[in-house]
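Here is a short briefing on one structure. Please look over the sequence and the model first.

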Amino acid sequence: MQLRLLRGSLSRTASVVALAAALATGSTGLLPVVQAHAAPAAAGTFGFSGDEGDYISQGQSYAYDTASDDHLDVSANADNSGVSLSVDGANGDWWYLNLAAPSGTTLAPGTYTGATRDPFQDPSDPGLSLYGNGRGCNTLTGTFTIEDVEFGPLGYVKTLDATFEQHCEGDVAAARGEVHIDKPAPPAALDLGLAVSLDGTASTLNGKATLGGTVSCNKAVRVDVSGDVTQVKKRQLIRGSYATVVNCVPGAPVAWSAKAVPTGDVPFQRGDVEVEARATATDPDYEQSVSAAETVAVHLARG
């Protein structure tokens, strides 16, 4: 059996950090945003306090530590220009912190001044936003310093050390805090391969075309294989589609087989067909869809 092989994922959807919805006023309650997948921090702390009159802190101090069963998640956006931290405190508190470099630049160590409310800042300005426990700023100004940040694939943030200062609604009173996150080395991204056999069969009983090939992967995943088949015989266009599921495991390629059912009354016949094949799977570590695709000419024999 001849195979034409396509190695590597053809498209990967990067993780995208979800940002806060617009506030009607600075004093309205906020709903927690739904974040992109972010693996829990192996070790981390987050804390902040504020001046009397600061709306976010209410003039109080807050401290969270993974060692105290507080849950800290951090993820980056697609181009690593910003990070988002979510805090789920063991006491029921919830907070979010967004830090973003100016558009088109990667977040890197250094001090970012002139920050305004993320994600509504001017593209040339850095972005900042601390909100939670039902409180958020309508407008804000501030500054933050990135002491260290280390990115992995697909929105993974291994290390984040940063400090920040935020002023709501132009007030002199401020909230000031810091975050320290250290996670394990990032897992490898899912690498998905797809191959289509150059030989197939056309059934003389039901007119279906049987196709096959292999999929390969670097981590155990369920792979959905599907596609379309097109054949021209005696000026007649014959079309059909197919789909199957394969449990892929690392190591040797895993075989797949599927039958394409003609959409009309004309069956698939012996001869050449064009086969479009697609393989898709979800990366179990990053919860992102990965795909591979191939279009080949396949010869059908009678079967």
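**His 167 and its surroundings**

A polar atom of the His 167 side chain lies 3.0 Å from the backbone oxygen of Val 172. A polar contact here is a pair of N or O atoms within 3.5 Å; within protein, one must be able to donate a hydrogen and the other to accept it, and residues adjacent in sequence count only if both atoms are side-chain atoms. The model is predicted: local features need pLDDT of at least 70, side-chain atom pairs count only at pLDDT 80 or more, and totals for chains, interfaces and linings use all residues. Residues are numbered from 1 along each chain as its sequence is written, and side-chain values use heavy atoms, with hydrogens and water left out.

- His 167 sits in strand 11. Strands (E, at least two residues) and helices (H or I, at least four) are DSSP runs, numbered from the N terminus.
- His 167 counts as buried because its relative accessibility is 14%. Buried means under 20% relative accessible area, exposed over 50%, and partly exposed in between (1.4 Å probe, protein chains only).
- Beyond its neighbours within four places in sequence, His 167 is in contact with Thr 139, Leu 140, Thr 141, Val 172, Ala 173 and Ala 174. Contact means heavy atoms within 4.5 Å.

**Overall make-up**

- The protein chain has 20 strands and zero helices.
- Of its 303 residues, 49% count as buried.
- Take the contacts between residues at least 6 apart in sequence: 66% of them join residues at least 24 apart.

**Disulfides**

- The whole structure holds two disulfides. The criterion is a pair of cysteine sulfur atoms within 2.5 Å.
- Cys 137 is joined to Cys 168, with S to S at 1.6 Å. The torsion about this S-S bond is about -60 degrees, so the disulfide of Cys 137 and Cys 168 is left-handed.
- That pair links distant parts of the chain, 31 residues apart: Cys 137 is in the loop between strand 9 (127-132) and strand 10 (140-151), and Cys 168 is in strand 11. Both Cys 137 and Cys 168 are buried.
- Cys 217 is joined to Cys 248, with S to S at 2.2 Å. This link is left-handed too, with -110 degrees about the S-S bond.
- Cys 217 in strand 15 (residues 209-217) and Cys 248 in strand 17 are 31 residues apart, so this pair also links distant parts of the chain.
- Cys 217 is buried because its relative accessible area is 9%. Cys 248 counts as buried at 1% relative accessibility.
- Counting bonded cysteines along the chain, the pattern is 1-2, 3-4.

**Aromatic residues**

- A search of the whole structure finds eleven aromatic pairs. Rings of Phe, Tyr and Trp (its six-membered ring) pair if their centres lie within 6.5 Å; planes under 30 degrees apart count as stacked, over 60 as edge-to-face and the rest as tilted.
- Phe 48 and Tyr 62 are stacked, at 4.8 Å centre to centre and 20 degrees between the planes. Phe 48 is in strand 3 (residues 43-50) and Tyr 62 in strand 4 (residues 61-65), 14 residues apart. Both are buried.
- Tyr 242 and Trp 256 are stacked at 5.9 Å centre to centre, with 0 degrees between the planes. Tyr 242 is in strand 17 (residues 236-248) and Trp 256 in strand 18 (residues 254-262).
- One aromatic cluster is formed by Phe 46, Phe 48, Tyr 62, Tyr 64, Trp 95 and Phe 164.

**Nonpolar cores**

- The largest nonpolar core has 33 residues, and Phe 46 and Leu 160 touch the most other members. A nonpolar core is a set of buried Ala, Val, Leu, Ile, Met, Phe, Trp, Tyr and Cys residues joined through side-chain atoms within 4.5 Å.
- Strand 11 (residues 157-168) gives the largest share of this core, five residues.
- A second, separate core has 32 residues, including Leu 194, Val 196, Val 229 and Val 246.

**Backbone exceptions**

- Most residues other than glycine have a negative phi, and most peptide bonds are trans.
- Asp 118 and Pro 119 are joined by a cis peptide bond, with omega about 10 degrees.
- Glu 169 is not a glycine, yet has a positive phi of about 50 degrees. Glu 169 is partly exposed, with a relative accessible area of 36%.
- Glu 287 has a positive phi near 55 degrees. At 51% relative accessibility, Glu 287 counts as exposed.
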